[in-house]
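Subject: Structure for you to look at, with notes

Dear colleague,

I am passing on a structure that I would like you to open before you read my notes. Please keep it on the screen while you go through them.

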Amino acid sequence: MSGYDRIIAKQFGGPDVLEIDHIPVLPLPGEGQVRIRVEAAGVGYTDTILRRGRYIGYMGGLPLVPGYDVVGRVDALGEGVMHIRPGERVADMSVSGAYAQYMLLPASDVIPVPARVTAAAALEVPLMWVTAWQMLTRVASLPPDALILAVGASGAVGRALVALARHLGHRVIGTCSGGNIALVESLGATAIDYRRPDLAEAIRGASGGAGVAAAFDAIGGSSWDISWSVLAPGGLLVAYGFQDFLETGGDSRLATAAMEKLNQSWPAQGRDDGTARSTRFYDIRIRRESHPEDYRADAMALLNLMARGAVVPPEAELLSLDQAADAHRRVAAGGLNHRLVLRP
């Protein structure tokens with residue numbers, strides 16, 4: 001059979017809007033593009049908010065082909081592409097389009113994957129591991145042997161934060177559900193159940209009363225309050241998502257108030273109380289657009305660490321393309337402690 005299959009959503013909504021769509025001919029790469037045969041497409045929380053039409057900044061419209069990160073083999077080159085060879089394995093943060101057997105990508109964006117790194121392992125890098133790495137090394141300025149807080153340490157970015165922080169020689173307190181305590185501890189962190197009513201006190205206790213040098217929190221709402229409260233003097237709260245607001249579909253005025261607190265009220269409080277605590281908001285998509293050379297350098301550095309065995313990505317669960325809707329249901333249900341990967 002000629003052509004290729006992809007997953008599309010003709011409207012925004014629940015997992016049931018995802019359906020198989022067959023295209024009778026392969027896409028042809030234009031100038032400066034490559035076509036890849038997709039080997040691995042990640043399934044994550046960001047894909048689910050794209051599917052629901054809640055991803056801020058998505059301008060692609062409908063029908064939507066989800067798939068925020070992708071790894072595949074180059075099989076056709078567009079005009080002017082000289083630095084990539086057919087057959088080369090590459091990775092990219094595509095934002096959408098990866099739930100397909102073939103896709104087109106800008107040649108300037110793709111990152112070469114070392115031969116020793118599998119497609120599923122490389123898939124950890126474009127979104128999850130670069131997010132964690134850049135927050136640890138480019139957003140925060142951490143002293144050696146710093147103590148950090150990873151909120152949601154059993155999630156995809158949370159696991160990367162723990163693994164990469166430990167690689168850099170830092171100590172980690174990780175919050176997670178009670179069922180994932182053992183997982184987070186196996187990664188090398190001190191694990192605390194986020195449902196504890198005395199969560200802030202428990203985190204401060206785990207820090208020996210000194211607080212943490214940095215907290216990394218994608219939840220928002222009351223979670224940001226707790227993360228701010230457990231910072232040591234001079235500590236930094238790095239917010240990199242607003243999951244609480246996205247899940248509840250809450251009043252946008254509340255979201256605006258939360259961001260104002262993050263960007264203005266808390267830093268001013270840190271100056272006024274003499275603690276010099278501060279906040280930053282990190283968005284990988286925005287930072288990639290403003291600092292593409294940093295993104296490329298960091299992605300390649302992480303892939304080379306994997307190739308040398310200096311860091312070991314967790315095992316992923318491999319699924320077929322027609323299991324995309326079920327994978328979205330599992331992500332929405334929560335409790336996953338490993339990555340779901342489609343193999344188109």
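Predicted model: local features only at pLDDT ≥ 70, side-chain atom pairs only at ≥ 80, totals over all residues.

Residues are numbered from 1 along each chain as its sequence is written, and side-chain values use heavy atoms, with hydrogens and water left out.

The second largest pocket holds about 400 Å³ of space. A pocket here is an open set of points on a 1 Å grid over the protein atoms alone, where a 1.4 Å probe fits, with protein on both sides within 12 Å along at least five of seven lines, and lining residues have an atom within 4 Å of a point; the volume is the space filled by probe spheres set on the points, which are joined across faces, edges and corners. Of its 22 lining residues, Ser94, Ser96, Met103, Leu104 and Leu105 are the closest to the centre. Strand 6 gives the largest share of this lining, five residues. Helices (H or I, at least four residues) and strands (E, at least two) are DSSP runs, numbered from the N terminus. The lining divides into 11 nonpolar, five polar and six charged residues, where Ala, Val, Leu, Ile, Met, Phe, Trp, Tyr, Cys and Pro count as nonpolar, Asp, Glu, Lys and Arg as charged, and the others, Gly among them, as polar.

How many salt bridges are there? The count comes to 19, a salt bridge being a side-chain nitrogen of Lys or Arg within 4 Å of a carboxyl oxygen of Asp or Glu. In one of them, the closest N and O atoms of Asp92 and Arg288 are 2.8 Å apart. Because Asp92 lies in strand 5 and Arg288 in helix 10, this pair ties together parts that are 196 residues apart in sequence. Both Asp92 and Arg288 are buried (under 20% relative accessible area, with exposed meaning over 50% and partly exposed in between, for a 1.4 Å probe and protein chains only).

Another salt bridge joins Arg138 to Asp298, with their closest N and O atoms 2.7 Å apart. Arg138 belongs to helix 3 and Asp298 to helix 11, so parts 160 residues apart in sequence are tied together. Arg138 is partly exposed, at 34% relative accessible area, whereas Asp298 is buried, at 5%.

With best wishes
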